[in-house]
Amino acid sequence: MICDNYTIFCFESKSILKSVCPILTVAETMPEFPGGMAAMMQFISKTIIYPADAASNGIQGRVLCQFVVNKDGSLSDVVVTRSSGTVSLDAEAVRVIKEMPNWVPGKQRGEPVRVKYTIPVSFRL
């Protein structure tokens, strides 16, 4: 198992109290959206609801979002790493990523691992 960075063992109860798996930024096999990059872009374009305030003011932008693809392919820890400068665009980008289906997880030495992933979400009128 790859989960060997941090393990806290309690000698009194003879049990593992906490085991923290590292979050990789690069894996031998990187995580992938089901169907690949083209399918991910299609999912984003179908799922995005352009915020009304941004649309009415002609605001466009790009939001960089980072998240963790877990060992089971689920996504967690979604954050904005570079804001568009508009709160509603940032919030919509995070919402869309949280709605994504499970990904194919990344692998290291043949074992699924947690991998940090960053994608841009563009808003254009």
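Residues are numbered from 1 along each chain as its sequence is written, and side-chain values use heavy atoms, with hydrogens and water left out. In this predicted model, local features need pLDDT of at least 70 and side-chain atom pairs count only at pLDDT 80 or more, while totals for chains, interfaces and linings use all residues.

Trainee: How many aromatic pairs are there?

Mentor: Rings of Phe, Tyr and Trp (its six-membered ring) pair if their centres lie within 6.5 Å; planes under 30 degrees apart count as stacked, over 60 as edge-to-face and the rest as tilted. By this rule the count is six.

Trainee: What is the angle between the planes of Tyr-50 and Phe-123?

Mentor: The centres of Tyr-50 and Phe-123 are 5.7 Å apart. The pair counts as edge-to-face, with planes at 85 degrees.

Trainee: How many residues apart are Tyr-50 and Phe-123?

Mentor: Helices (H or I, at least four residues) and strands (E, at least two) are DSSP runs, numbered from the N terminus. Tyr-50 sits in the loop between α1 (37-47) and α2 (52-56), and Phe-123 in strand β7 (residues 111-123). The pair thus links distant parts of the chain, and the separation is 73 residues.

Trainee: Which of Tyr-50 and Phe-123 is buried?

Mentor: Buried means under 20% relative accessible area, exposed over 50%, and partly exposed in between (1.4 Å probe, protein chains only). Tyr-50 counts as partly exposed because its relative accessibility is 21%. At 2%, the buried residue is Phe-123.

Trainee: Where is the aromatic partner of Tyr-117 in the chain?

Mentor: Tyr-117 forms an edge-to-face pair with Trp-103, at 4.9 Å centre to centre and 70 degrees between the planes. Tyr-117 counts as buried at 16% relative accessibility, and Trp-103 is buried at 3%. Tyr-117 lies in strand β7, whereas Trp-103 lies in the loop between α3 (87-98) and β6 (106-108).

Trainee: Within what arc do the buried residues of α1 fall?

Mentor: The buried residues in α1 are Met-40, Ile-44 and Thr-47. The arc is that of the directions from the helix axis to the C-beta atoms. These residues line one face of the helix, because their arc is within 80 degrees.

Trainee: What covers the buried residues of α1, and which residues are exposed on the other side?

Mentor: Contact means heavy atoms within 4.5 Å. The cover includes α3 and β7. On the other side of α1, the exposed residues are Ala-38, Ser-45 and Lys-46.

Trainee: How many salt bridges does the whole structure hold?

Mentor: A salt bridge is a side-chain nitrogen of Lys or Arg within 4 Å of a carboxyl oxygen of Asp or Glu. One of them joins Asp-77 and Arg-114, with the closest N and O atoms 3.9 Å apart. Asp-77 is in strand β5 (residues 75-82) and Arg-114 in strand β7, 37 residues apart. A search of the whole structure gives a count of three.
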